[in-house]
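Have the viewer open as you read.

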Amino acid sequence: MSAPAAHAADLLMQLSNPLRLRALAELLRHGNNGVSINEMSIYLDLPKPEAGELLGRLVGAGLATGTGNGDFRARVEVLRDAAQALDRAQPIAPLLANFPQLKSYFSHGRLTSLPPTMSDRYQQIAELFARFLAVDGILTEDEVNTRIAVVADDVAAVRRMLVETGWLERDRAGSSYGSARTFA
């Protein structure tokens with residue numbers, strides 16, 4: 001597991017506790033005004049020591065700032081930074097940087113939708129996937145599917161797009177694939 005993935009997993013583990021998640025939600029709700037331990041104990045209907053422990057754990061995880069009876073504030077940028085680090089660690093991220101016009105079709109390194117088949121974006125996303133697959137020689141359908149599945153759920157649609165746009169060529173039986181075009 002990469003360092004960004006481990007950090008994000010730790011943050012999610014901290015927030016998997018329903019009370020900690022509620023406490024963070026309260027901090028977010030109050031924004032820059034912050035929340036004291038006394039206020040948090042009222043909002044969550046908990047004794048002050050338990051409210052203090054929740055806030056202490058959020059501070060320890062880097063999700064909040066504050067100490068003692070002072071005001072605690074959420075650090076939402078920690079979650080945002082962790083999500084962005086995970087996005088940058090996705091296998092398609094380096095190629096997607098060269099195709100900024102296609103970012104709206106992806107979420108967290110996964111293809112979420114395909115553009116209309118007759119559009120320029122359809123051709124561009126096909127080229128992006130062709131570069132990502134880096135087909136060198138002949139691949140079986142399972143090998144192509146495995147490579148596509150790393151970044152897309154609808155493997156058949158992406159494979160069909162690659163064949164339709166001429167980036168992949170398949171044999172008559174449809175069991176093996178090879179590169180049909182070279183990159184400019």
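## The largest pocket

Helix 5 gives the largest share of the lining of the largest pocket, three residues (helices are DSSP runs of H or I, at least four residues, and strands are runs of E, at least two, numbered from the N terminus). Helix 5 (76-89), helix 6 (93-96) and strand 3 (106-107) each put in at least two lining residues. Among those lining the pocket are Gln84, Asp87, Arg88, Phe106 and His108. By class, the lining has five nonpolar, four polar and three charged residues.

The pocket holds about 190 Å³ of space. Here a pocket is an open set of points on a 1 Å grid over the protein atoms alone, where a 1.4 Å probe fits, with protein on both sides within 12 Å along at least five of seven lines; lining residues have an atom within 4 Å of a point. The volume is the space filled by probe spheres set on the points.

## The model

This is a predicted model, with local features needing pLDDT of at least 70 and side-chain atom pairs 80 or more, while totals for chains, interfaces and linings use all residues. Residues are numbered from 1 along each chain as its sequence is written, and side-chain values use heavy atoms, leaving out hydrogens and water.

## An open sheet and its helix

Three strands make an open antiparallel sheet, ordered 5-7-6 (pairing takes at least two DSSP bridges). Strand 5 (138-140) and strand 6 (168-170) are the edges, each pairing on one side only. Three bridges join strand 5 to strand 7 (residues 176-179), and Leu139 sits opposite Tyr177.

Helix 8 (residues 141-149) packs on the sheet and touches strand 5, strand 6 and strand 7 (contact is heavy atoms within 4.5 Å). Its direction makes about 85° with that of strand 5, using axes fitted to C-alpha atoms, for helices over the stretch in contact, and angles from 0 to 180 degrees between N-to-C directions.

Terms used. Ala, Val, Leu, Ile, Met, Phe, Trp, Tyr, Cys and Pro count as nonpolar, Asp, Glu, Lys and Arg as charged, and the others, Gly among them, as polar.
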